[in-house]
Amino acid sequence: MAGALVGGAFLSASLQVLFDRLASREVVSFIRGQKLSDALLKKLERKLLVVHAVLNDAEDILDEIATEALRHKMEVAESQASTSQVGNIMDMSTWVHAPFDSQSIESRVEEIIDRLEDMARDRAVLGLKEGVGEKLSQRWPSTSLVDESLVYGRNDEKQKMIELVLSDNARSDEIGVISIVGMGGLGKTTLAQLLYNDPKVMGHFDLKAWVCVSEEFDPIRVTKTILEEITSSTFETNNLNQLQVKLKERINTKKFLLVLDDVWNEDCSNWAMLQTPLKGGAKGSKIVVTTRSTNVAVVMRAVYSHCLGELPSEDSWSLFRKLAFENGDSSAYPQLEAIGKKIVDKCQGLPLAVKAVGGLLHSEVEARKWDDILNSQIWDLSTDTVLPALRLSYNYLPSHLKQCFAYCSIFPKDYELEKEKLILLWMAEGLLQESKGKRRMEEVGDLYFHELLSKSFFQNSIWKKKTHFVMHDLIHDLAQLVSGEFSVSLEDGRSGSGIGELKGLSDIKGTLRISKLQNVKCGRDAREANLKDKMYIEKLVLAWDWRACDIIQDGDIIDNLRPHTNLKRLSINRFGGSRFPTWVANPLFSNLQTLELWDCENCLSLPPLGQLPSLEHLRISGMNGIERVGSEFYHYGNASSSIAVKPSFPSLQTLRFEQMDNWEKWLCCGCRRGEFPRLQELYIILCPKLTGKLPKQLRSLKKLEIVGCPQLLVPSHRVPAISKLTMVDCGKLQLKRPASGFTSLQFSLVKISNISQWKQLPVGVHRLSITECDSLETLIEEEPLQSKTCVLKVLEIRYCCLSRSLRRVGLPTNALQSLEIYHCSKLEFLLPVLLRCHHPFLKNIYIRYNTCDSLSLSFSLSIFPRLRHFEIFELEGLEFLYISVSEGDPTSLKYLNISRCTDVVYIELPALDAAWYKISNCLKLKLLKHTLSYDQKFPCTLCTTHPTFQDQEVHSGSHCLSQQSQMFV
C-alpha cells in the first residue's frame with residue numbers, strides 16, 4: 001500500500017512532500033492499524049493530485065493524522081514501561097489499534113475527501129488552475145543575466161576565457177568553438193554569463209545571442225532562438241529552411257558571439273545542421289558551449305575546452321557566508337562559523353550545493369539547527385536544487401551506464417577506484433553488454449568507464465596514478481540514491497535498536513543491504529532483525545567497516561543473520577570472524593545463484609560451498625587467511641566414496657579467486673566426474689603464492705583468465721574447450737606437445753614480463769603484451785615469436801628499456817596486424833631495424849610516449865602495403881623523419897599523425913591522394929618536405945604552436961605543388 005501512495009517522479013516537489021508523509025512508517029502503520037481500505041486511500045491520493053492549489057490545507061490534514069499517530073505511540077510506550085522491563089521495539093501494528101476519541105479514522109478521512117472536493121469546486125472562483133505535476137528534474141531555462149555579487153573564485157578563469165573569446169586566430173572559414181566542461185552544479189553557466197556580460201566582450205562583437213539548449217537538441221528551436229535574440233523579434237514559422245536563410249542573411253559578414261548553454265547533444269549531424277547558416281559570420285566569431293560531457297566538445301570540434309574545477313574552500317566559505325549570515329558577516333557568531341565551515345567542506349566545492357545550504361540557513365542563529373544540517377544528507381536539505389541538477393546527468397545516461405554507475409554505490413566515500421578492478425567487478429556482475437564489434441569485455445568496460453568519466457561521474461585522483469579515480473561526495477550520494485537498494489546503516493550507539501527495527505518490515509523486496517554490522521553487540525540483537533522470515537528478499541548484503549575486519553568478531557552475530565531460503569544472491573563483506581556460519585553452505589538454500597565473500601581476512605577455511613545445488617556464480621576475494629583450499633571447500637567432512645561419486649558445484653558456471661595473498665595449495669576432492677562439471681569461466685587473479693596445477697577435467701571451461709600468479713602451472717590438455725585465454729604475469733604454460741590443447745581458442749591475450757618462462761606461445765594466441773621486460777631484444781630476435789604456428793595479430797610492447805641494437809627482428813609476418821609501442825626508452829635500438837622489415841598484413845603502427853637519445857628514422861611504405869594508420873605521438877629524441885614510397889608500389893595509408901615530437905626538426909613525407917596527415921606541436925620543426933606529381937594534392941593539418949603556422953590548415957584542393965616542393969615552419 002505504501003508503494004501505491006508514492007507518486008514519485010510524476011508529482012510536483014510540493015506534492016511529493018505530502019506523499020512522502022503519507023508513505024512514512026508512522027502514518028502507514030497507523031492507518032493499517034485502523035484497517036482503512038486501500039481503495040479509500042487511493043481516492044484520497046487522486047483528490048490530492050487534482051487539487052494542487054490547496055496544499056496548505058492538505059498539510060494540515062496530514063499533520064492531524066501524524067500527530068494522532070505519535071500520540072498513540074507515546075501512550076503505548078508508557079503502557080509498556082509500566083508492565084514490562086523489555087525495551088525491544090515492538091511491531092508498529094501493535095500500537096495502532098486504539099480508536100480516536102471522537103470518531104473513527106475512516107470517517108475522518110471521508111470528511112477530508114469531502115473538504116478537498118469542496119475546495120476543488122471553489123478553485124474556479126479563486127482563479128486557481130489544476131496542476132499536472134512536474135518531474136523532479138524540471139528546471140528553469142538559463143538566461144544571460146548574472147548576479148555577480150554571488151560569484152566567487154572564478155576571476156582567473158573568466159579572464160582566460162575572455163582572452164580566448166577576443167582572439168582572432170581562427171580560420172576565416174571556421175567558427176571558433178570554446179567549451180566549458182564540468183559536472184552539474186559547478187557553475188558552467190555562471191562562467192558563461194560572466195563572459196557574455198563583460199564590457200570588452202560586449203563591445204567586440206556585432207551580434208550576440210544566448211540560447212539555453214538543454215537535453216533535447218532541437219535545431220528548429222535553437223535556430224529560431226538565435227534569430228530572435230539577434231533581431232529582438234519573434235518568428236512564428238517552424239520551417240527550418242526559412243529560419244536558416246533568415247539567420248544567414250542577418251549574420252552575413254558580421255562578427256557574432258553565440259552561447260549555447262547546457263548542451264547534451266552528441267550527434268554530429270545535428271551540430272552540422274545548426275552551424276550551416278553560422279558559417280557566414282566574420283572571422284573571429286565565437287561559439288561558447290557549456291556541457292557536462294567532453295564528448296560534446298569533441299563533436300562540436302572545440303578549439304579549446306576548459307574543464308571547470310571545484311570551487312576552492314576559501315571561496316566556498318565566502319559564498320556561504322554571504323548567503324547564510326546577515327550582511328555576510330559571521331564575526332558575531334563564532335560557534336556557527338565553526339559549524340558552517342564543516343558544512344561547506346561537506347559541499348566539496350560545488351557552488352550549487354553551497355548556495356542551497358547557505359540559503360537554507362539564512363539568518364538562522366540556533367546552533368542546533370546548524371548541527372542538524374551538518375548531520376543531514378545534502379539531498380534532504382535541497383531536493384529542489386542540487387538533486388535535480390545532478391540527477392539529470394544520471395537520467396540522461398543509457399540504461400547500461402546507469403547500472404554501472406549505480407553499482408558504484410557499494411564503495412565508501414573517498415574510495416580510490418582503480419579502473420581495471422572496477423571493470424572486472426562490472427564484468428562479474430554481468431553489467432557489460434556483449435559487443436557487436438567483437439570487442440573484448442574488458443574493452444567494453446573501458447568504453448563504459450571513459451563514458452562516465454567524460455560526463456564527470458568520476459574524477460582523476462590527485463594522489464595516485466592515472467588509473468585511480470574518485471567520486472565527488474555528492475555524486476556518490478547520487479549513486480546511493482539511484483541504486484534502488486533498501487539500505488540500513490547501523491551507527492554507533494543505536495545499533496541494537498537499529499537492526500531490531502527490521503523486525504516488523506516483513507514485506508521488504510529486492511535488495512537489503514545492512515552495513516556497519518560491527519556495531520551490533522550480540523547475537524540476540526542480530527536475531528531481532530528476523531531475516532529468516534523475510535521471504536521476498538532476493539539479494540542480501542552483510543557489510544562490516546574496513547577497520548572492523550581487524551577484530552575477530554562474535555560468530556553468533558552472523559549465525560543469527562540467516563536469511564530466508566528464497567534468497568538468490570548473497571554478499572558478505574569484511575566479516576572479521578574466524579569461520580563462516582553453517583547456513584552459508586546449507587543445501588536448503590536451493591535458490592542461491594550468486595555468492596560473494598569479500599575481504600574476510602580472519603577466516604582460515606572456506607565453507608563447503610560445493611553442496612549448494614543452484615550456485616552459478618562464486619566470487620572469493622581478499623581472503624588472506626586462506627592458505628589451502630581442499631575437500632572442505634567441496635563438501636562436509638572427509639571425501640568418501642559415496643560422496644565423491646556426486647559432483648561438487650553441480651551448477652557453477654563462473655568462479656573467481658582474487659587477491660588471495662597467502663593461498664598456496666588448491667587440492668582436488670577426487671570426484672570421478674570432476675569438481676566443476678559445468679564451469680565455463682575461471683578467474684584466478686593476484687594469488688602470488690599459489691602453486692601447482694589447475695583442477696582436472698574442466699571440460700566445459702570456455703574462458704580462462706590468470707593474472708599475477710607467477711608460480712601456477714597451466715596444463716593445456718586440462719582445458720580443451722577454452723575459447724578465450726588471458727594470462728598476465730603468470731607462471732608456465734605447459735604444452736603436452738606443440739599443437740596440443742586450446743584447440744577451440746578464438747581469442748587470447750597473453751601478457752608477459754619474464755621471458756624465461758616461455759619457450760613457445762600457445763597455439764592460437766592473438767594478442768601479446770610484453771610489459772617491463774628486461775630481455776626484450778632476445779624475445780624479438782628469437783623464439784617464441786617465430787613459430788610457424790603463431791597467429792599473433794596484435795603485439796604490444798610497454799614500459800621496456802632496450803640496452804643494445806637488434807641483430808634481426810623475428811616478428812611473425814603471416815598474421816601480425818597491429819604493432820603498439822608505449823612508454824619505452826632507448827628506441828633508437830629498435831625502430832630503425834623494426835621499420836625495415838617486410839610485414840604484408842600490418843595495418844596499424846602506434847608509437848606513443850617513448851624516448852630515445854637521438855634518432856634519425858627512415859623507412860618506405862612499400863614494405864607495409866596494407867598499413868592504414870601510422871602514428872608517432874610524443875617521441876622524445878626523434879630529430880629527422882623520412883617516409884617514402886616507391887613509384888608504382890601499393891600503399892593503403894589513410895592516416896598519419898606526428899604529434900608532440902618536440903625535438904624533430906625535419907620531416908619528409910610522400911603525398912598520397914587518399915591520406916590525411918596531421919603534424920602538431922612539433923615545436924622545433926624547421927622544414928617539412930613533400931614530393932608529389934603535378935596533379936596530386938597534399939592534405940595536411942599543421943597545428944603547431946609556432947607563431948607562423950598556428951591553427952593553419954592546407955586543405956585538399958587548395959594547393960597544387962610541383963614535384964619538389966617545400967613548406968617551411
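This is a predicted model: local features need pLDDT of at least 70, side-chain atom pairs count only at pLDDT 80 or more; totals for chains, interfaces and linings use all residues.
**Cysteines, salt bridges and a charged surface patch**

Another cysteine, Cys522, is partly exposed, with a relative accessible area of 24%.

From the cysteines we turn to the charged side chains. Side chains of opposite charge can pair when their charged atoms come close. The structure holds 18 salt bridges, and among them is the one in which the side chains of Lys419 and Asp446 meet, with a distance of 2.8 Å from N to O. This pair links distant parts of the chain, since Lys419 is in helix H21 (residues 419-428) and Asp446 is in helix H22 (residues 441-454), 27 residues apart. Lys419 counts as buried, at 14% relative accessibility, whereas Asp446, with a relative accessible area of 26%, is partly exposed.

A further salt bridge joins the side chains of Glu658 and Arg619, at 2.9 Å from N to O. Here too the pair links distant parts of the chain, with Glu658 in strand E16 (residues 654-658) and Arg619 in strand E14 (residues 617-621), 39 residues apart. Both residues count as buried, Glu658 at 8% relative accessibility and Arg619 at 3%. Glu658 also meets the side chain of Arg656 in a salt bridge, with 3.1 Å from N to O, and Arg656, like Glu658, is buried.

The last stop is on the surface, where Lys438, Lys793, Lys843, Arg866, Arg868 and Lys894 gather in a patch of positive charge. One of these residues, Arg868, has its place in the loop between strand E28 (844-860) and strand E29 (869-884). With a relative accessibility of 37%, Arg868 counts as partly exposed, and it therefore passes the accessibility cut-off for a patch, which asks for over 30% relative accessible area. Membership of a patch also requires that a residue have no salt bridge, so the residues gathered here stand apart from pairs such as Lys419 with Asp446.

Conventions
Residues are numbered from 1 along each chain as its sequence is written. Side-chain values use heavy atoms; hydrogens and water are left out. Patches are made of residues with over 30% relative accessible area and no salt bridge: like charges are joined within 9 Å, nonpolar side chains (Val, Leu, Ile, Met, Phe, Trp, Tyr) within 5 Å. Accessible areas come from the Shrake-Rupley method with a 1.4 Å probe; for residues, only the protein chains shown count as cover. A salt bridge is a side-chain nitrogen of Lys or Arg within 4 Å of a carboxyl oxygen of Asp or Glu. Lys and Arg count as positive and Asp and Glu as negative; His and the chain ends are not counted. The place of a charge is taken as NZ of Lys, CZ of Arg, CG of Asp or CD of Glu. Helices (H or I, at least four residues) and strands (E, at least two) are DSSP runs, numbered from the N terminus. Buried means under 20% relative accessible area, exposed over 50%, partly exposed in between (1.4 Å probe, protein chains only).
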